[in-house]
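Let's take a friendly look at the pockets of this protein model. Have the sequence and the 3D view ready as you read.

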Amino acid sequence: MGADKNFLCIEPFAGVDPAALEDRLFDKEPFDEWSDRRDETVIVVGYGDGPESAIAALQTVTDAVERAFLLHVDDTAMVGQGWVYEHDGDGLVERTSVSGAETRYGIDVVDYVKREFDIDGPR
Amino acid sequence: MDPDETLTALRGDDRERRRQAARSLWKTSRSEPTRLEENIETLRAATEDEDPLVRGHAVATLGETLFGVSGHHEPVPELDAVLARLTDADEVVRQTVTGLLWNREWWLSVGTGDDPPVTDEQRRLAAVGLVNCLDDAVFLTRKRASEELRPSLVVDHPDPERATAVVAAALADGDAGLRSNAAELLAEIAEREPSLLDPHVERLRRTMEDDDAVRSEAAAGLANVLDRFPELAAPVAAQVIESDSAYAPTDAWYSPWQRQRMETLGTVLAADGAFEGSEKALSVLKSSLADRNAKVRMASATALGRVAASDPGIVEPAVPALRERLSDFHEWTRRAAAGALAVALDPDDAEPQLVTLIESVETTDEPPDPWLALADSHPEYVTERLRKLREETPDLAYNTRVSIAATMERNPAAVHPILEDCVTDLSGDDEDRRNGAAWLLGEVILECPVEGRQYEAAVRAAVDRPEDFDEYPHRKLRKALDELNDDD
């Protein structure tokens, strides 16, 4: 377990069972810490050094994901960075990113994504 | 967008360009804070833009910029504009401001004794805004508000009764964490202004009885109003006593949860020492004096001190256990026990060393460490306490070793017998006692080399037997020997 956390917040396509999507991701690397559902948004959380494994895991469920917000937080430095993906018909494409070089809290990244994309974050 | 254009665009008539500018400013605000600090008024004006996205980005940028300015020594008037957005018409703007208050040094000290420069208007805006957010339609905003609201802000709210009612209504929230925050807030409000809780006592009592997640916080709140609702003493104490097994001793939440239990029992017994179940409540406090967690022992001793201050006779069954805590390895448990005994004991009946302890407690703002308080007048008593401690815990932690060294500085006669025991243990068969002796002897010699010189030969002999010690205690002995040699 590292000091970094990955929070993946997914809006599934209409008709996709959120519980089934949650099962596909939760309790597998890297999302083995906790999971939740808020309305139709699926949230899965895990520890990991860096966001790469989380991004790779997201790519395994592109068939079910309309939009996704990945928040990566370095709990030691208290720095958050984020990526928003949207399905363009072929697969997930990155719509925006918030760089860790900006050294802001994860909560501020969450609220930026909410303002710009109306996607609910984990905290 | 070009950096030089953004601030100009933010003041323009084109909404889409204002949005673009606000977005761009936020995305680079942390890496370009100086430029923003020079244009605070432009940002402040943008927090009142007709467009909620512009307002949201502007208040986020303004808040991060202002909170990022270190060393607030004077009030920051522009923070009014940030706090005012807590009552914004747009839910996402409100959510943004609750996020801005999270874990900011400025906000963390508001409402505490270390208040930063905060104006009365800012305090009012924060109180009104956060109470408003506690009732928000958006869960995340409610949750954050429940974490950020301070009891002092509720008590000083322009309408404290209404504000408390909003907090009480949060006891029905669907989220257990939020309900827990609300119950804890009510308990803290009741400590400051008990009458504010009166209209909500019945609701809190139902919460205590029905809501697994928050019953201990609810009990803590009700404990603060027993003077007006004495019939609650028995059910509150019963709830606390019955809730013993919520966390395992190794769980991170064990200590704060148990300490709250002890504090609540102490409050109840201090208010009424004769309710049905009071003997059981005292018994729980007494047995918690032997808890494996030092802070729980400290909380129990502190609670017993409060009960004794109300009626010393109630605490009499716990006095022997409190005396045992004078040997505790944890300094603040020792102090709490000293404080409790000072109130519980009758000086006319107590042994001479405890009379001295009572007198020393009465002359200080907080109870002293009994080892230091008694080292001059009753060194043999202190030696006895230290010997008992070493019997129970041969391997003492760093802070305890430092306390013993401080006692040595106060009166070497109290500690030399312990160091002689350590010398014996250095050659003994028990590995734990050898290592513990090495740690303690080494630590005291490093702090008190003059007094420690008489042990040089024993230390040197131990250093020559590295196979008899673990690496770090052996290293401590080597450092002590070096200290003695440097002093030559």
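## The largest pocket

The largest pocket holds about 750 Å³ of space. Among its 29 lining residues, Glu184(B), Ser216(B), Glu217(B), Pro256(B) and Gln260(B) are the closest to its centre. Two or more lining residues come from each of helix H13 (176–192), helix H15 (215–223) and helix H17 (254–271) of chain B. H13(B) gives the largest share, seven residues. By class, this lining has 10 nonpolar, 11 polar and eight charged residues.

## The second largest pocket

Here the volume is about 560 Å³. This pocket has 22 lining residues, and nearest its centre lie Arg38(A), Pro122(A), Arg123(A), Phe139(B) and Leu140(B). H10(B) supplies the largest share of the lining, five residues. The lining divides into eight nonpolar, two polar and 12 charged residues.

## What the terms mean

On a 1 Å grid over the protein atoms alone, a pocket is an open set of points where a 1.4 Å probe fits, with protein on both sides within 12 Å along at least five of seven lines; lining residues have an atom within 4 Å of a point. A volume is the space filled by probe spheres set on the points, which are joined across faces, edges and corners. Helices are DSSP runs (H or I, at least four residues), numbered from the N terminus. Ala, Val, Leu, Ile, Met, Phe, Trp, Tyr, Cys and Pro count as nonpolar, Asp, Glu, Lys and Arg as charged, and the others, Gly among them, as polar.

## About the model

This is a predicted model, where local features need pLDDT of at least 70, side-chain atom pairs count only at pLDDT 80 or more, and totals for chains, interfaces and linings use all residues. Residues are numbered from 1 along each chain as its sequence is written, chains are lettered from A and ligands numbered from 1 in the order in which they are written, and side-chain values use heavy atoms, leaving out hydrogens and water.
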